[in-house]
Amino acid sequence: MSLNRADIENIARLARLELTEAEIPVYVDSLSRIFAFVGELDRAPTTGIAPMAHPLPGLAQRLRPDEVAETDHRELYQRNAPRVEAGLYVVPKVIE
Amino acid sequence: MSLPAAPAATVAELVRGLAAKRYSSVELTRAYLDRVAAAQPELNAFITVTGEAALAAAARADEARAAGRGGPLTGVPLAHKDIFCTEGVLTTCGSKMLANFVSPYDATVVAGLRQAGTVMLGKLNMDEFAMGSSNETSYFGPVRNPWDTARVPGGSSGGSAAAVAARIAPAATATDTGGSIRQPAALCGVTGIKPTYGRVSRYGMIAFASSLDQGGLITVSAEDAALLLGPMSGFDPRDSTSVDSPVPDYTATLADSLDGLTIGLVKEFFDDGLDVECGARIREAIAVLEKQGARVREVSCPNLPLSVPTYYVVAPAECSSNLARFDGVRFGHRCESPKNLTDLYSRSRGEGFGAEVKRRIMTGTYVLSAGYYDAYYLKAQRVRQLISADFARAFGECDLLLGPTSPTPAFRIGDKCDDPITMYLNDIYTIGANLAGLPGMSLPCGFVGGLPVGLQLIGPHFSEARMLNAAHRYQMETDWHLRVPAAFA
Amino acid sequence: MEWETVIGLEIHAQLATRSKIFSGSATAYGAEPNTQANLVDLGYPGVLPVLNGEAVRMAVRFGLAIGARIAPHSVFARKNYFYPDLPKGYQISQYELPIVAEGTLDILLDDGSRKRVGITRAHLEEDAGKSMHEGLPGASGIDLNRAGTPLIEIVSEPDLRSAKEAVAYMKKIHTLVRYLDICDGNMQEGSFRCDANVSVRPKGQEKFGTRAEIKNLNSFRFVEKAINYEIERQIELIESGGKVVQETRLYDPDKGETRSMRSKEEANDYRYFPDPDLLPVVLDAAFIEGIRASLPELPDEKAARFVREHGLSEYDAGVLTASRELAAYYEAVVREVGGEAKLCANWVMGDLAAFLNKDGLEITASRVDAAGLAGLVGRIADATISGKIAKDVFEAMWASGQSADAIIEQKGLRQITDTGAIEKAIEEVMARNPGQLADYRSGKDKLFGFFVGQVMKATGGKANPAQLNELLKKKLAG
């Protein structure tokens, strides 16, 4: 299954990955190979087989009690933030 | 290069040595730190060495021992793969994206091993975001195989495997999503264990593919793995996929007889892709196990050859979503002077991620996208069901499965970088266990052209004790696991 | 051309849990930015979600209350998109297998008729954070306190045919979630928000027209205005040869119009897939029945009971059951009075409501409690005071906090029921107004009211009106 430049540009936009001009053909090539490779799955006999979302079957989600278990650690957590002002994470203007 | 002498061969010996006061934890830690420093230019196994903190922890461990507190592992040094969050310490995941990220918390695995008294030497190099089979995708440079430094150690836990193989750390934590513990263990001639999915908490283990990732160990021996697996395992309320079932004492059954053990040789693993000499080493190992009392028979898992394509749909899909949080807003790399929101995201991510990571994010984004979800993602999850069913059937006929870990011994750095598929096929024997959530091990079983070969064991869910037992009995009869590359002896 | 409007509402109600849906952070409103955002809420590397059981129970309560099917097996899915208030780059929601499916809700329309509105589904998801734009030139500041607050998203069938119906439905859902104690319904704080999908089609056409989605309406008034504006806009557009574009729009309350949301114009491919970090939610019959047993009397049941037991009209019953607290207040008044259900209803819906409104108070903060109002109504019922005087007494009770009896006593407002006294007052008024008397007796019936007014004035408003009427008639007749 071959991908083209437009496909790569679309995917990169969806995934918010800026690619240089030089990178684009490289990804077109490698992703095309990957999809040619995974195309093998088509011939697997999966009629009537359920998709397996979790490797251990039959387990159910645990329900946690409704308790507040946290205190304010803003100062610690914001040490890694590239840009913070008045406790807010700053980004270029969000236009609605 | 001559390193200062390694204090002991195994963690088991260190445990005895510390208990017998033959040395202190501070002496041990200092000795390993010296070896780490000496080996670093050659191997590049570490990203961060936490020397001062290690010595302080070692001193506290010595105090605890003197006061009669602590347990057998108190004061034993080890190192953590840089995928585990370590509080107050740089946690990079081998990526430029997190090159400056100091984690504000400890992964459950790290906390568990610390509570057991171990001393952290530092953070180990790895393929970027655990994506790779050769440790060549790390932002911090490739790791080299101590057996031949022109060759790869395997990946993604290349640093863990190289460190243990060179005896610059007695043991290392690692993670395995498609073979990233077992394959590097095989290529470096050391022992690796990937537990059952849900056995070890994933809280604090930076996510690559959530339904496949599992934390585990790379050690010198199965006995060492048995000693360290306990404190790493168990139910964690902070991980919804963590299984609430009791953790056995893995050391208690290590020396059990193998009489009555049925081992299945997976027919599909002994295919044309397997290097002939590697195959020969595996067969020799099988003979050893048979002499120990195990019975061997052939089994077939006919859908296994589809594991690699299945994996390369499911894992990228999950990672494309898991890595969306890296956007330059709350942590991690942020581009200079973003012009607008889209620019902030696209440039920060474009700059912060390496090529393989971008490749997998794009693959994953595509297979989840409208119009392709059914044909790719759902299809792959159905094939996953088929593969799991194959294993379940096989375990109806035998207790453990056996095969090679890697199709070839370690290849040269730079050899497989052109075609991603060639690189992906390194995991052809290991991926199946991840898809089915099964535990797996690799143990050294000989050499080909001076390079180590690994034997793979796969067990049913929660059969770690059985696997460790079989591996230990094998290691009682052989000494492959005790070999050290001459340059690091 | 006759047009028909088709409306579907998506309501997001914040569940009133103490902690967030997937983390142990507090959900309290109004904290300093990012002081209620822990590592899980921030989407830090390595963290994982753990599901709050109370959020599940609340969703089940809602499902049972609308007669829906509770899924024994439901799945959380990731909705993937990039936005600064979405820290993980995906929202954990439910997609193919929601926890609640196929319910209904009956609404009362203006003309008194009932309409059954279908509810396609309701599912659990996490709320996003907030962006602030003030004080940061060219930039926005992100507060993630709200990120991870549990939401229930309630999706109606496109069964609504007018803005009024839409508001009636929204109000009913608002009442219901408060009855169930699953949401505080505080629209100013954003606990209850509505998106409206609006389209028009020629009357009689089966096929739906293209719809536009108006997002984030947070008041009943805005919902009505926005929908009406949108209907007009779409009709005008089509009638002038244009086509309605499927898009997301925002309502501007200052301008009174909807406008297209530029940033969301690019169609989002959300790439939904089951969240591998969460296991399927499995609910057995025992769990569900346990919750059913704990449901309070629901608004419709209560209103029907009011009609049955208190003889109220459907409309009055509907008003009085708009909230559990109001209904409880009303019933307490009736109980204390020992009857007079209609009179009590009039007082609660009339004077009490007016005073609550005037002071911006909820029923729970009423300055006259149920016992107090019952005291007043009782004095009307036993003819101690007239209904008219009672209004003055109520006002004084509201201002002073005193009981009806105390005020009646202090101000000497007891009604005059002594026939003799009333007759005397009537005679005095007749004597003082011979001209009007003569006019009345010669056929000017309208002057009856004049005499009533004069006698009332003379008695300080305290003459029992019924008796006054009867006696006055007799006396005037001669």
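Predicted model: local features only at pLDDT ≥ 70, side-chain atom pairs only at ≥ 80, totals over all residues.
Nine strands of chain C form an open sheet with mixed pairing, in the order β3-β7-β8-β11-β1-β12-β13-β14-β15. Its edge strands are β3 (69-70) and β15 (257-260), each of which pairs on one side only. Strand β14 (residues 248-252) of chain C runs antiparallel to β15(C) and is joined to it by four bridges; within this pair of strands, C:Leu250 has C:Arg259 of β15(C) as its bridge partner. Helix α3 (residues 163-179) of chain C packs on the sheet, and its direction makes about 115 degrees with that of β7(C). The strands that this helix touches are listed below.

| Strand of chain C touched by α3 | Residues |
|---|---|
| β1 | 3-14 |
| β7 | 100-108 |
| β8 | 114-126 |
| β11 | 150-156 |
| β12 | 192-202 |
| β13 | 212-217 |

**C:Leu476**

Helix α16 (residues 465-477) of chain C contains C:Leu476, a residue that is buried, with a relative accessible area of 1%. Not counting residues up to four places away in sequence, C:Leu476 touches C:Met430, C:Leu437, C:Tyr440, C:Arg441, C:Phe448 and C:Phe451. Its C-alpha atom is separated by 79 Å from that of C:Asp85, which lies 391 residues apart from C:Leu476 along the chain.

**Helix α5 of chain B**

Helix α5 (residues 158-165) of chain B is largely enclosed by the rest of the structure, because eight of its eight residues are buried. Among these buried residues are B:Gly158, B:Gly159, B:Ser160 and B:Val164. After α5(B) comes B:Arg167, whose phi is positive, near 55 degrees.

Conventions: Residues numbered from 1 in each chain as written. Chains lettered and ligands numbered in written order. Heavy atoms only, no water. Buried < 20%, exposed > 50% of the residue type's maximum accessible area, 1.4 Å probe, protein only. Helix = DSSP H or I, 4+ residues; strand = E, 2+ residues; numbered from the N terminus. Contact = heavy atoms within 4.5 Å. Pairing = 2+ DSSP bridges. Axes fitted to C-alpha atoms, helices over the stretch in contact; angles between N-to-C directions.
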